[in-house]
Amino acid sequence: VHDSPTNNIVFITILNMKLTNYNKTLIKYSEPFWSKMVSHKFCEEMGDGTIEKKFLNKYLLIEYSFVKDAINLFGYGFIHATSIDSKISIFNSIKGLLFEQDKFFLEALNNPFEKTPYNHKVLDFKTFMTENSKKSYLNFLTVFLAAESLYYTWCKNQLYKKKLSQHSTIHKWLNLHVEENFTNQIIFFSDELENKFSKDINYINKLFLETIKYELGFHDAVYD
């Protein structure tokens, strides 16, 4: 982790982020793919505000399509969950997707109903997330913990640069992923896995890592 300036920044930031120790253990297992993703060209260009408009628009379209998927996928998590407290937490996450995130895309996109520019990397990611969300509560928690802790980390990293206007579309998008509601959701996923599936840590490690690899492909697709 200490081999390059980029990785040093990533490592230091993770230590100081609002992630559980359990989550940090999963992150360490997912290296070097985790560091590749949080320092991806896309993440850096978002933080610098230098991403070309055509690529930003493409990203927003494919990300919006996944957010709409996620509303249904969290529904599977809601069904899988056995406790009322867990169902309430997942319900609150669904509300965030339905209201805060959907509102963001409707305002950010010139044409939110434009045909989404899918390619196989995007479809592979969406299929992977769907299959795992349907499969079991453990799988649902793991893939979304990976995806959301990843987004929290790279968005937090890029906001540290302070290169974006607070009124810009990119700043608003990054900020959505570091707010308290979002971080509480990540902690919930982590605590559920640690408390209810501790014996499955080897499986969880591998599935977490696999999710990060699919995330790399998803973000590569922005430039394809």
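Which helix does Gly47 lie in? Gly47 lies in helix H4 (residues 41–48). The views below start from the whole predicted model and end at single residues.

This is a predicted model, in which local features need pLDDT of at least 70, side-chain atom pairs count only at pLDDT 80 or more, and totals for chains, interfaces and linings use all residues. Residues are numbered from 1 along each chain as its sequence is written, and side-chain values use heavy atoms, with hydrogens and water left out.

**Figure 1. The protein chain has eleven helices and zero strands.** Helices (H or I, at least four residues) and strands (E, at least two) are DSSP runs, numbered from the N terminus. Along the sequence the pattern reads α-α-α-α-α-α-α-α-α-α-α. The C-alpha atoms fill a box of roughly 45 × 45 × 30 Å along the principal axes. The radius of gyration is 17 Å, which agrees with the value near 17 Å for a compact globule of 224 residues. That radius is taken over C-alpha atoms, and the globule rule is 2.2 Å times the number of residues to the power 0.38. Of the 224 residues, 52% are buried. Buried means under 20% relative accessible area, exposed over 50%, and partly exposed in between (1.4 Å probe, protein chains only). Contact means heavy atoms within 4.5 Å. Among contacts between residues at least 6 apart in sequence, 80% join residues at least 24 apart.

**Figure 2. The largest nonpolar core holds 72 residues.** Such a core is a set of buried Ala, Val, Leu, Ile, Met, Phe, Trp, Tyr and Cys residues joined through side-chain atoms within 4.5 Å. Phe42, Met46, Tyr59, Phe74, Met129, Phe144 and Trp154 have the most contacts inside this core. Helix H8 (residues 137–159) gives the largest share of the core, 15 residues. Beyond four places in sequence, Phe42 touches Ile51, Tyr59, Trp154, His219, Val222 and Tyr223.

**Figure 3. The largest pocket has a volume of about 570 Å³.** On a 1 Å grid over the protein atoms alone, a pocket is an open set of points where a 1.4 Å probe fits, with protein on both sides within 12 Å along at least five of seven lines; lining residues have an atom within 4 Å of a point. Grid points are joined across faces, edges and corners, and the volume is the space filled by probe spheres set on the points. The lining counts 27 residues, and Ser93, Gln101, Glu148, Phe182 and Gln185 lie nearest the centre. Helices H5 (53–80), H6 (84–108), H8 and H10 (180–196) each supply at least two lining residues. H6 gives the most, with eight. Twelve lining residues are nonpolar, nine polar and six charged.

**Figure 4. Gly47 is buried in the model, at 0% relative accessibility.** Beyond four places in sequence, Gly47 is in contact with Gln158, Lys161, Lys163 and Leu164. Ala108 is 61 residues from Gly47 in sequence and 17 Å away in space, C-alpha to C-alpha.

**Figure 5. Asn205 lies in helix H11 (residues 201–220).** Asn205 is buried, with a relative accessible area of 9%. Leaving aside neighbours within four places, Asn205 is in contact with Thr25, Leu26 and Tyr29. Thr142 is 63 residues from Asn205 in sequence but 8.7 Å away in space, C-alpha to C-alpha.

**Figure 6. Thr211 also lies in helix H11.** Thr211 is buried, with a relative accessible area of 0%. Not counting residues up to four places away, Thr211 touches Phe128, Met129, Val143, Ala146 and Ala147.

How values were computed
Nonpolar A, V, L, I, M, F, W, Y, C, P; charged D, E, K, R; others polar.
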